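Please keep the sequence and the model in view while reading.

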Amino acid sequence: MSRDRAFESLLSQNYSSFILKIGCIGVSIYHADNGSYKIFDSHARDEYGRSNPSGACVLLEVSSIQSLVSVFPDYTLTQ
């Protein structure tokens, strides 16, 4: 299943929050009432959300599902 389709499927079922797991990494995603998405990642990241051993956990906000999909590497998700 493509990332786009996986997100759209969850949102169409009225889920407003979920945990996305890709490989051994899991992040929390929340769909806000204003249409934006908040992504919480507890792993060490820099201010742009890139992996960084000197970083900290991050809370990112994106404005669209297309932006949400682009945050994650090009993996196919499994259900």
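## The chain as a whole

The accessible surface of the chain comes to about 5,400 Å², and 49% of this surface belongs to carbon and sulfur atoms. Accessible areas come from the Shrake-Rupley method with a 1.4 Å probe; for residues, only the protein chains shown count as cover. The model is predicted: local features need pLDDT of at least 70, side-chain atom pairs count only at pLDDT 80 or more, and totals for chains, interfaces and linings use all residues. Residues are numbered from 1 along each chain as its sequence is written, and side-chain values use heavy atoms, with hydrogens and water left out.

The chain contains 2 helices and 4 strands. Helices (H or I, at least four residues) and strands (E, at least two) are DSSP runs, numbered from the N terminus. Along the sequence they follow the pattern α-β-β-β-β-α. Of the 79 residues in the chain, 30% are buried. Buried means under 20% relative accessible area, exposed means over 50%, and partly exposed lies in between (1.4 Å probe, protein chains only). Among contacts (heavy atoms within 4.5 Å) between residues at least 6 apart in sequence, 36% join residues at least 24 apart.

## The sheet

The strands form an open sheet of 4 strands in the order β1-β2-β3-β4, with antiparallel pairing. Two strands pair if DSSP finds at least two bridges between them. The edge strands, each pairing on one side only, are β1 (17-22) and β4 (56-62). From one strand to the next, the twist averages 25°. Helix α1 (residues 3-12) packs on the sheet, where it touches β1, β2 and β3, and its direction makes about 155° with that of β1. For such angles, axes are lines fitted to C-alpha atoms, for helices over the stretch in contact, and angles run from 0 to 180 degrees between N-to-C directions.

## Strand pairs and turns

β1 and β2 pair in the antiparallel sense over 6 bridges, and L20 stands opposite V27 in β2. These two strands form a hairpin with 2 residues between them, and G23 in the turn has a positive phi of about 65°. Strand β2 (residues 25-31) is joined to strand β3 (residues 37-45) by 4 bridges, again in the antiparallel sense. Here S28 stands opposite F40 in β3, and Y30 has K38 as its bridge partner. The hairpin of β2 and β3 has 5 residues between the strands, with G35 in the turn showing a positive phi of about 95°. Finally, β3 and β4 run antiparallel and are joined by 6 bridges; I39 has L60 as its bridge partner in β4.

G26 lies in strand β2. Because its relative accessibility is 30%, G26 counts as partly exposed. Leaving aside neighbours within four places in sequence, G26 is in contact with L20, K21, D41 and H43.

In soluble globular proteins, nonpolar side chains tend to be buried together. A nonpolar core is a set of buried Ala, Val, Leu, Ile, Met, Phe, Trp, Tyr and Cys residues joined through side-chain atoms within 4.5 Å. The largest nonpolar core here has 14 residues, of which F7, L20, I29, Y37, I39, L68 and F72 touch the most other members. The elements giving two or more residues to this core are α1, β1, β2, β3 and α2 (65-71). Not counting residues up to four places away in sequence, Y37 touches a set of residues including L11, I29, L60, I65 and L68.

## Salt bridges

A salt bridge is a side-chain nitrogen of Lys or Arg within 4 Å of a carboxyl oxygen of Asp or Glu; by this rule the count comes to 2. In one of them, the side chains of K38 and E61 meet at 3.6 Å, N to O. K38 lies in strand β3 and E61 in strand β4, so the pair ties together parts that are 23 residues apart in sequence. K38 counts as partly exposed because its relative accessibility is 30%, and E61 counts as partly exposed at 48%.

R45 forms a salt bridge with D41, with the closest N and O atoms 2.8 Å apart. Both R45 and D41 are buried.
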